[in-house]
Protein chains: 2
Amino acid sequence: MFDIKLDPNMSIHEQICGEVARLISLGILAPDEKLPAVRETAKALGVNPNTVQKAYAALEKSGLIYSLPAKGSYVSPGGKAAEAVKREAAAELRTAMEKAAATGLERDAAEALMDDIWGKRGKE
Amino acid sequence: MFDIKLDPNMSIHEQICGEVARLISLGILAPDEKLPAVRETAKALGVNPNTVQKAYAALEKSGLIYSLPAKGSYVSPGGKAAEAVKREAAAELRTAMEKAAATGLERDAAEALMDDIWGKRGKE
DNA sequence: TCATCTGTACTATTGACAATAATACAGATG
DNA sequence: CATCTGTATTATTGTCAATAGTACAGATGA
């Protein structure tokens, strides 16, 4: 299901959270779609089930998914999950920008990075 | 010297590195200027000297400062330090942008954040 | 010369946290 | 009734940040 190449520099459950959030935000995981079971995901990733459960618990706390005991875990309905992901992504990007601006990085330099990543044209 | 409000969510030596880097980048700490001694900084921040030394060692490894045993630690000359700070800040900002873009965040949203932080006009 | 300050090095301990291991329980599902 | 589900618990391991304490060698100034 998830094809994550585990980065030893980041905690596993954070990477799982990030990947699920990404898939939700992009619509690859649709609202009310069922996520793979905790144990299944753990097996697929070669990771302890507790670690996956920690990730799922965090995702539920953030409102991205909801879990029904003895049923499964599902993507939150109504697009609320996707919105939450983007909102959080924007918040983190803001923090990074503030940090960069604090070092005196010019706006032009930041703009050049944006061109690089999103493409030079505003709408694509 | 440094007025850092310690954030428990980040490691102390990282915060020291960040603050020194910021001061260098902004020119508040000039090239070849002497930094406060390890023990002095530790006392001022109410922190263990080992922690400060760890920060200074990291700064030297990054090329931001150079240390002369029995003399002191100094900002790297020729503006190389300030350049290094900005280069690293740009690299981190790029990473944050890539992450945000991966969640599907639109360029317009990112641009709005930039207006917020750097001001709407390109040059200030 | 000598006390002091400097960066540097080392060991040890504490606490927090990530991850693992191994169970266990209750509800649903077929 | 066996099985799968989410959930909970306890324990152990390893890593890392931070602290504590100590030590050494070079410089600096009185």
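User: Happy to start with the protein contact: how many residue pairs are in polar contact across the interface of chain A and chain B?

Analyst: A polar contact is a pair of N or O atoms within 3.5 Å; within protein, one must be able to donate a hydrogen and the other to accept it, and residues adjacent in sequence count only if both atoms are side-chain atoms. This is a predicted model, and the pairs counted have both residues at pLDDT 80 or more. By that rule, the interface of chain A and chain B has 14 residue pairs in polar contact.

User: Good. Which helix of chain A gives the most to the side that touches chain B?

Analyst: Helix 1 (12-25), helix 4 (80-102) and helix 5 (107-118) of chain A each supply at least two residues of that side. With 14 residues, the one that gives the most is helix 4.

User: What area do chain A and chain B bury between them?

Analyst: Each chain brings 36 residues to the contact. Of the buried area, 64% is on carbon and sulfur atoms. The total is about 3,400 Å².

User: Which residue forms a salt bridge with Arg107(A)?

Analyst: Between chain A and chain B there are ten salt bridges. In the one with Arg107(A), the closest N and O atoms are 2.9 Å apart, and the partner is Asp115(B).

Methods: Residues numbered from 1 in each chain as written. Chains lettered and ligands numbered in written order. Predicted model: local features only at pLDDT ≥ 70, side-chain atom pairs only at ≥ 80, totals over all residues. Heavy atoms only, no water. Contact = heavy atoms within 4.5 Å. Buried area = accessible area lost by both parts, 1.4 Å probe. Salt bridge = Lys/Arg side-chain N within 4 Å of Asp/Glu carboxyl O. Helix = DSSP H or I, 4+ residues; strand = E, 2+ residues; numbered from the N terminus.
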